[in-house]
Amino acid sequence: MQLWKGRFKKELSKTTNDFNSSISFDSRMYKEDIEGSIAHATMLGKCGIIEESQAENICKGLKEILADIESGKLMIDMEAEDIHTFIEGELTARLGDDGKRLHTSRSRNDQVALDIKLYLKKEVVNVSNMLKDLVKVIADKAEQYSETVMPGYTHLQRAQPITFGHHLLAYGEMFLRDISRLNDCLKRMDEMPLGSCALAGTTYPIDRNITKELLGFDRVTNNSLDGVSDRDYCIEFASCLSIIMVHLSRFSEEIIMWCSWEFKFIELDDAFSTGSSIMPQKKNPDIAELVRGKSGRVFGDTMTLLTIMKGIALAYNKDMQEDKEAIFDAVDTVKMCLTAFTPMLDTMKVIGENMRKAAAGGFINATDCADWLTKNGVPFRDAYKATGELVARCIELNTDLENLPIDEYKKICDVFTEDVYNAISLEQCTMERKAFGGPAPENVKAQAKRVKDLLNKD
């Protein structure tokens, strides 16, 4: 059934119908389509546009269709043009003329816009909740490893000592920002477009606020042209999802490195690793690699949405049918990644002794050595030069700053005393970084608590 057949004398060719059809992907919005139609019919009855009894009959029929779809009694016809056509056709088949009254003062243009918003509002919340689960795991791990010393890196070179808990909480902050972005996205998405009709509203005396309240929107759209042609909320949500994937991909990259024998900072649980078809010794971090790889897919979905919308004149154009596959795929991909990533992180084994060993071998306490000289009256640039010479001497002697004899220190700068060894102890180095936001264990525990409090508040 096509809803627009009155103007046309020829049947649509099967090739054209298949190309035009969207039911293969918009059928997932059956519940939202029915919710929107129930609200619309209720409003029509309250405003006297159709009889109250007709509105009640329509709502009853729609609820029965929903129940039949969800029980499996009614199968969605994949030959229908779209989910909206299928549901209206099924309603009309059951109710006759009352079913035909449902579309009064409504276009498929504002109906589609409504369905997508109803669907995506739920998915924003779903993704946000999944991120909260991940952040909770991160905060728990950060508390557990608040005193586990590891090297911090710049340029992938060992730089300064931090704690593993501190490193994990950096990702916690990223994902908290993602949650905040999703909340902001939801605020802008929370406008109801129904009542915009095709593009110019309607001459019927509708009350859009009734429909808005029934559907749980914060407000109605202000302009009918924008109401049917806006897809900013799809682009914004996809952008949020892309940034989430950037963070997941960066985290995955580190997990992949940490698993390698070159690092061996962690070991993933067998349930989240795979083997090799030829090399029996292999334990591969495939989950993290797939997450890293799937980021490109979500970026592509975002680019698809931007490209679709960039050259479209107002109002609705059929190009916009392409929005659904892109945003649905982005949502599905992110949810799939989070479903696998969170338990993978939760079950990983942390090998703290390897982290400590790596921290000891990279002169990452050199800055603390220079700072000790500065605190004892040596200008920082002179202290920096002296410490650089100490590092060079350690390399010559195949040792590190913690084990370099005090005589060697004094050869380079006679200010040095035995107290320097306490200052450059890796544990002391991290413990003394107490400035807000730093890796001191007490800071890490406080920040982990703050993160959990934020999650509980939400």
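Is Cys259 buried or exposed? At 15% relative accessibility, Cys259 falls in the buried class, because that class takes in residues under 20% relative accessible area. Before I continue, please keep in mind that the model under discussion is a predicted one.

Let me stay with the cysteines for a moment. The cysteine sulfur closest to that of Cys259 belongs to Cys337, and it is 17 Å away, which is too far for a bond. Cys394 is likewise counted as buried, with a relative accessible area of 0%. Its closest cysteine sulfur is that of Cys369, at 8.8 Å, and this distance too is too far for a bond. The cut-off behind that reasoning is that two cysteine sulfur atoms must lie within 2.5 Å to be called a disulfide. By this rule, the count for the structure is zero disulfides.

I turn now to the second largest pocket. It holds about 250 Å³ of space. Which elements give two or more residues to its lining? They are β1, spanning 149-154, α8, spanning 164-189, and α11, spanning 232-259. Helix α11 provides the largest share, namely five residues. Among the lining residues are Tyr153, Thr154, His167, Tyr171, Met174, Arg250, Glu253, Glu254 and Trp258. Sorted by class, the lining consists of seven nonpolar, two polar and three charged residues.

In one of them, Tyr171 and Phe251 are stacked, with 4.0 Å from centre to centre and 5 degrees between the planes. This pair joins distant parts of the chain: Tyr171 belongs to helix α8 and Phe251 to helix α11, and the two are 80 residues apart.

Lys121 lies over the face of Phe217, 4.1 Å from the ring centre. In another case, the charged end of Arg381 sits over the ring of Tyr384, at 5.2 Å from the centre of that ring.

How many cavities of 30 Å³ or more does a search of the whole structure find? The search finds one. The largest cavity holds about 30 Å³ of space. Its lining is made up of His40, Met43, Ser105, Asp110, Leu194, Gly195, Ile206, Arg208 and Thr211. Helices α3 (30-46) and α9 (208-215) each contribute at least two residues to this lining. By class, the lining has three nonpolar, four polar and two charged residues.

Thr347 has its place in helix α13, residues 323-347. With 34% relative accessibility, Thr347 counts as partly exposed. Thr347 and Val137 are 210 residues apart in sequence, and their C-alpha atoms are 9.7 Å apart in space.

The other position is Gly216, in the loop between α9 and β4, the latter covering 219-220. Gly216 counts as partly exposed, at 46% relative accessibility. Between the C-alpha atoms of Gly216 and Glu191 the separation is 9.7 Å, and along the chain these residues are 25 residues apart.

To return to the opening topic: Cys259 and Cys394 are both buried, and the disulfide count is zero.

Terms used. Residues numbered from 1 in each chain as written. Predicted model: local features only at pLDDT ≥ 70, side-chain atom pairs only at ≥ 80, totals over all residues. Heavy atoms only, no water. Buried < 20%, exposed > 50% of the residue type's maximum accessible area, 1.4 Å probe, protein only. 1 Å grid on protein atoms, 1.4 Å probe; cavity = no way out; pocket = protein on both sides within 12 Å on 5 of 7 lines; lining within 4 Å. Points joined across faces, edges and corners; volume = space filled by probe spheres on them. Helix = DSSP H or I, 4+ residues; strand = E, 2+ residues; numbered from the N terminus. Nonpolar A, V, L, I, M, F, W, Y, C, P; charged D, E, K, R; others polar. Phe/Tyr/Trp six-rings, centres within 6.5 Å; stacked < 30°, edge-to-face > 60°. Lys NZ or Arg CZ within 6 Å of the ring centre and 35° of its normal.
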